[in-house]
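Please find below a short note for your reading of this model. The points are numbered so that each may be checked in turn.

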Amino acid sequence: MAQTFIAEQLFDGEQFQRDVALTVDDGKVIAVGGDHPADAVRLQGLLAPGLIDVQVNGGGGALFNNDTTVSALAKMSAAHAKYGTTGFMPTLITDEVPVMQKAADAISAALKEEVPGVIGVHFEGPHLSKPKKGTHEEKYIRPLSEAELAIYARDDLGLKMVTLAPENVSPEDISKLVSLGVKVCLGHSNADGKTAAAAVAAGATGFTHLYNAMSPLHSRDPGMVGTALISDGCWCGLIADGHHVSAEAMTLALKAKPRGKIMLVTDAMSLVGSDETSFPLFDRIVTREGDKLTSTTGELAGSHLDMISAVRNIRDWCGVELAEALRMAALYPAQFLGTGGGRITQGVQADLILLDDELRVQKTWIGGQEVFSG
Ligand code: ZN
C-alpha cells in the first residue's frame with residue numbers, strides 16, 4: 001500500500017526542497033512532490049538518500065573474515081543502518097581460498113534472503129603488495145589463480161569489487177576481471193605511476209582508500225597517489241576519520257579530482273555499533289582507543305568510522321558543503337557501482353535517511369522498510 005510522507009526538508013541528491021511530499025509503494029519512490037494527503041506522515045528534519053559504503057569489514061560485533069555467515073552480514077547491516085548506510089559492500093580482506101568461497105556463499109545467500117543493505121561483495125586482496133600490506137596477513141598474499149577467478153566469475157554475488165595491486169596482476173588479467181563484471185580498484189600497492197596507469201587503461205575504475213597503503217607522489221614518479229589523483233575517470237575511496245588521512249591531504253584530493261570522483265568509505269571493523277573494544281584479526285588483537293583501531297603490531301587496522309560521521313567530518317574539516325558531502329556518501333558511490341541510486345527521484349528504491357539539525361540519523365529505510373528509528 002502506498003504511503004506518503006511530508007518531509008520538512010528533502011535533499012534529492014541534487015538540491016534541497018522544503019515541505020515536499022514523497023510517496024513510497026512496494027519499496028520504491030513512486031512520486032516526489034504533489035498533494036499533501038491528510039493521512040501523510042510528517043517527517044521533521046532532513047530526508048536524504050541513504051548512504052552507500054563500498055568498504056565494510058564488519059559491524060555490530062561481527063567481522064566478515066571471522067564470521068562468513070548470513071547472520072554476520074545481518075548484524076553488519078543493522079549496525080551500519082543506525083548511521084545511515086542503506087547499501088554496502090561487505091568486504092573480505094586477504095584470506096585463504098576456502099574463506100573466500102564461504103564468504104561468497106554467504107553473500108549469495110544474503111542476497112537471496114534479501115538481507116537489507118547487502119548489495120554485493122568487495123574482495124580486498126589477496127593479490128596485493130607485501131610492502132604495502134597494512135593489516136593484511138602476509139602469508140595469504142598471493143598472485144591471481146584459477147581458484148580466485150572462479151569466485152570472481154560467479155554471477156550470484158550481486159555487485160562485485162576486487163582491490164588488487166597492479167604490480168602483481170597483469171593488465172590482461174585486469175581486463176579479464178572487468179569482462180567478468182568486476183569493478184577493479186587499485187590499492188595496497190607499491191606500483192610506480194606507469195604500472196598504475198597501465199592498470200587504469202586496462203579497465204580499473206577505482207583506488208581503494210586513497211593515500212593509505214599506496215606508493216606516494218614523487219617529483220619524477222606520480223606513484224599510486226599521483227596516478228589516482230590524475231586519473232579523471234577513476235573514483236577514489238577516502239577514509240575521513242581523522243586518523244588515516246589529514247584534512248589537508250583530503251582537501252588536496254578534492255581540488256585535484258573532478259567533482260563526483262571521491263567517495264566516502266568507512267573501512268569499518270566489527271566494533272562499529274558494538275560496545276566491545278577489541279577483536280581478534282588472524283593471530284593479532286586489534287584494540288580500540290577512542291575512535292582509533294590499532295593492531296598489536298602497531299599499524300592502523302581498519303577504522304571505527306561510520307558513514308554519517310564521515311559526512312560530518314568532510315564538511316567540518318574540509319569546508320565541503322552539506323549537499324556535496326551527502327553526494328560523496330551516496331550519489332558518487334552509486335555512480336561508481338552503477339546502481340542508479342543515491343538520489344530520491346521517481347522510480348528509485350526507497351533507501352532513505354532522516355537527519356536532525358546536527359546530522360544525526362533519526363530514521364533509516366531500506367527498500368521502503370524502516371530498519372532503524374532512533
Ligand atoms: Zn585496506
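**Note on the predicted model**

1. An open sheet is formed by three strands in the order E15-E16-E17, with antiparallel pairing. Strands are DSSP runs of at least two residues (E), helices of at least four (H or I), numbered from the N terminus; two strands pair if DSSP finds at least two bridges between them. Strands E15 (278–281) and E17 (292–295) stand at the edges with a single partner strand each, so one side of each has no neighbour in the sheet. Strand E16 (residues 284–289) is joined to E17 by four bridges, and Glu289 stands opposite Lys292 in E17.

2. The model is predicted: local features need pLDDT of at least 70, side-chain atom pairs count only at pLDDT 80 or more, and totals for chains, interfaces and linings use all residues. Residues are numbered from 1 along each chain as its sequence is written, and side-chain values use heavy atoms, leaving out hydrogens and water.

3. Which residues coordinate the zinc ion? They are Glu124 (OE), His188 (NE2) and His209 (NE2), at 2.0 to 2.1 Å. Donors are N, O and S atoms within 2.8 Å of the metal (3.2 Å for Na, K and Ca); water is not among the atoms, so sites may look incomplete. Along the chain, the zinc donors follow the spacing E-x63-H-x20-H. Glu124 and His188 are both buried (under 20% relative accessible area; exposed is over 50%, partly exposed in between, with a 1.4 Å probe and protein chains only).

4. Lys261 lies over the face of Trp235, 4.2 Å from the ring centre (the criterion is NZ of Lys or CZ of Arg within 6 Å of the ring centre and within 35 degrees of the ring normal).
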